[in-house]
Amino acid sequence: TVFPCTARIWLYQKPVDMRRSFDGLAAIAQNVLSVPAASGDWFVFINGRRTQMKILYFDTGGYCIWAKRLERGRFQPVTQAGDRLQLDSTQLQCLISGLDWGTARKSKRFAPTQTVCMVKSAA
(Lines give C-alpha, C1' and ligand atoms only; values in the text may rest on other atoms or scores of the structure.)
Protein backbone atom coordinates (compact mmCIF):
# COMPACT_ATOMS: atom_id res chain seq x y z
CA THR A 1 0.00 0.00 0.00
CA VAL A 2 1.39 3.40 -0.93
CA PHE A 3 1.06 5.93 1.84
CA PRO A 4 0.58 9.52 0.63
CA CYS A 5 2.98 11.88 2.40
CA THR A 6 0.31 14.56 2.76
CA ALA A 7 -2.03 12.29 4.73
CA ARG A 8 -2.06 12.41 8.49
CA ILE A 9 -2.47 9.24 10.56
CA TRP A 10 -4.82 9.38 13.54
CA LEU A 11 -4.85 6.67 16.21
CA TYR A 12 -8.17 6.58 18.07
CA GLN A 13 -7.07 5.57 21.56
CA LYS A 14 -10.35 4.20 22.92
CA PRO A 15 -11.38 0.58 22.25
CA VAL A 16 -13.58 0.10 19.18
CA ASP A 17 -16.09 -2.63 18.41
CA MET A 18 -14.54 -4.35 15.38
CA ARG A 19 -17.99 -5.16 14.00
CA ARG A 20 -18.06 -1.54 12.84
CA SER A 21 -17.46 -1.08 9.16
CA PHE A 22 -17.09 1.87 6.80
CA ASP A 23 -19.93 4.06 8.08
CA GLY A 24 -19.38 3.33 11.78
CA LEU A 25 -15.66 4.05 11.65
CA ALA A 26 -16.20 7.16 9.49
CA ALA A 27 -18.70 8.41 12.10
CA ILE A 28 -16.05 8.09 14.84
CA ALA A 29 -13.55 9.98 12.68
CA GLN A 30 -15.96 12.82 11.98
CA ASN A 31 -17.94 13.08 15.22
CA VAL A 32 -15.40 12.12 17.88
CA LEU A 33 -12.05 12.98 16.31
CA SER A 34 -13.50 16.01 14.47
CA VAL A 35 -11.61 15.17 11.28
CA PRO A 36 -13.49 14.76 7.97
CA ALA A 37 -13.39 11.03 7.19
CA ALA A 38 -13.05 11.71 3.44
CA SER A 39 -10.07 14.04 3.96
CA GLY A 40 -7.53 11.45 2.82
CA ASP A 41 -6.21 11.02 6.37
CA TRP A 42 -5.81 7.52 7.80
CA PHE A 43 -7.69 6.48 10.94
CA VAL A 44 -6.43 3.61 13.10
CA PHE A 45 -8.81 1.75 15.41
CA ILE A 46 -7.98 -1.08 17.85
CA ASN A 47 -10.36 -3.30 19.82
CA GLY A 48 -10.45 -3.58 23.63
CA ARG A 49 -8.44 -6.83 23.76
CA ARG A 50 -5.83 -5.19 21.45
CA THR A 51 -5.90 -8.19 19.10
CA GLN A 52 -7.58 -6.53 16.11
CA MET A 53 -6.86 -3.36 14.17
CA LYS A 54 -8.66 -1.57 11.36
CA ILE A 55 -7.39 1.36 9.32
CA LEU A 56 -9.93 3.48 7.47
CA TYR A 57 -8.96 5.86 4.68
CA PHE A 58 -10.58 7.49 1.69
CA ASP A 59 -9.03 6.68 -1.66
CA THR A 60 -10.09 7.61 -5.17
CA GLY A 61 -13.86 7.45 -5.06
CA GLY A 62 -14.49 5.56 -1.83
CA TYR A 63 -13.52 4.32 1.60
CA CYS A 64 -10.98 1.54 2.13
CA ILE A 65 -10.49 -0.59 5.23
CA TRP A 66 -7.30 -2.47 6.04
CA ALA A 67 -7.69 -5.02 8.84
CA LYS A 68 -5.39 -7.22 10.89
CA ARG A 69 -6.26 -9.84 13.51
CA LEU A 70 -3.47 -11.27 15.64
CA GLU A 71 -3.47 -14.99 16.32
CA ARG A 72 -1.03 -14.51 19.23
CA GLY A 73 0.02 -11.46 21.21
CA ARG A 74 -1.44 -7.97 21.36
CA PHE A 75 -0.88 -4.61 19.74
CA GLN A 76 1.31 -2.41 21.94
CA PRO A 77 -0.63 0.10 24.05
CA VAL A 78 0.01 3.78 23.46
CA THR A 79 -0.11 5.96 26.56
CA GLN A 80 -0.91 9.53 25.55
CA ALA A 81 -3.61 11.84 26.90
CA GLY A 82 -6.74 12.40 24.83
CA ASP A 83 -8.90 10.45 22.40
CA ARG A 84 -6.57 10.78 19.42
CA LEU A 85 -2.89 10.68 18.71
CA GLN A 86 -1.23 11.71 15.48
CA LEU A 87 1.28 9.12 14.26
CA ASP A 88 3.91 9.21 11.56
CA SER A 89 4.36 6.37 9.06
CA THR A 90 7.20 4.84 11.10
CA GLN A 91 5.08 4.75 14.26
CA LEU A 92 2.22 3.15 12.33
CA GLN A 93 4.55 0.47 10.97
CA CYS A 94 5.86 -0.17 14.50
CA LEU A 95 2.31 -0.49 15.83
CA ILE A 96 1.35 -2.92 13.05
CA SER A 97 4.54 -4.94 13.61
CA GLY A 98 4.17 -5.11 17.40
CA LEU A 99 7.12 -2.87 18.23
CA ASP A 100 7.01 -0.35 21.09
CA TRP A 101 8.32 2.88 19.59
CA GLY A 102 8.21 4.57 23.01
CA THR A 103 11.29 2.61 24.13
CA ALA A 104 13.18 3.06 20.87
CA ARG A 105 15.35 6.03 20.03
CA LYS A 106 14.90 7.78 16.71
CA SER A 107 18.12 8.78 14.93
CA LYS A 108 18.50 11.84 12.76
CA ARG A 109 18.24 11.06 9.06
CA PHE A 110 18.77 12.95 5.86
CA ALA A 111 15.48 14.26 4.49
CA PRO A 112 15.42 14.96 0.75
CA THR A 113 13.21 17.78 -0.50
CA GLN A 114 10.77 15.31 -2.05
CA THR A 115 9.79 12.39 0.14
CA VAL A 116 8.18 9.14 -0.95
CA CYS A 117 6.32 7.44 1.87
CA MET A 118 5.32 3.79 1.79
CA VAL A 119 3.80 1.48 4.34
CA LYS A 120 4.21 -2.23 3.75
CA SER A 121 1.31 -4.45 4.61
CA ALA A 122 2.26 -6.77 7.43
CA ALA A 123 1.61 -10.43 6.80
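Student: Which side chain does that of Arg8 meet in a salt bridge?

Tutor: In this predicted model, the side chain of Arg8 forms a salt bridge with that of Asp41, at 2.8 Å from N to O. Arg8 belongs to the segment before β1 and Asp41 to the loop between α1 (22-32) and β2 (42-46), so the contact ties together parts 33 residues apart in sequence.

Student: Is Asp41 buried or exposed?

Tutor: Asp41 is buried, with a relative accessible area of 4%, whereas Arg8 is partly exposed at 36%.

Student: How many salt bridges does the structure hold?

Tutor: There are four. Among them is the one between Asp83 and Lys14, at 3.5 Å from N to O. Asp83 lies in the loop between β4 (62-69) and β5, and Lys14 in the loop between β1 and α1, so this pair ties together parts that are 69 residues apart in sequence. Another of the salt bridges joins Arg19 to Asp17, with the closest N and O atoms 2.7 Å apart.

Student: How many disulfides are found in the whole structure?

Tutor: A disulfide is a covalent bond between the sulfur atoms of two cysteines. A search of the whole structure finds zero. As for individual cysteines, Cys64 is partly exposed at 23% relative accessible area, and Cys94 is buried at 15%.

Methods:
Residues are numbered from 1 along each chain as its sequence is written. This is a predicted model: local features need pLDDT of at least 70, side-chain atom pairs count only at pLDDT 80 or more; totals for chains, interfaces and linings use all residues. Side-chain values use heavy atoms; hydrogens and water are left out. A disulfide is a pair of cysteine sulfur atoms within 2.5 Å. Buried means under 20% relative accessible area, exposed over 50%, partly exposed in between (1.4 Å probe, protein chains only). Helices (H or I, at least four residues) and strands (E, at least two) are DSSP runs, numbered from the N terminus.
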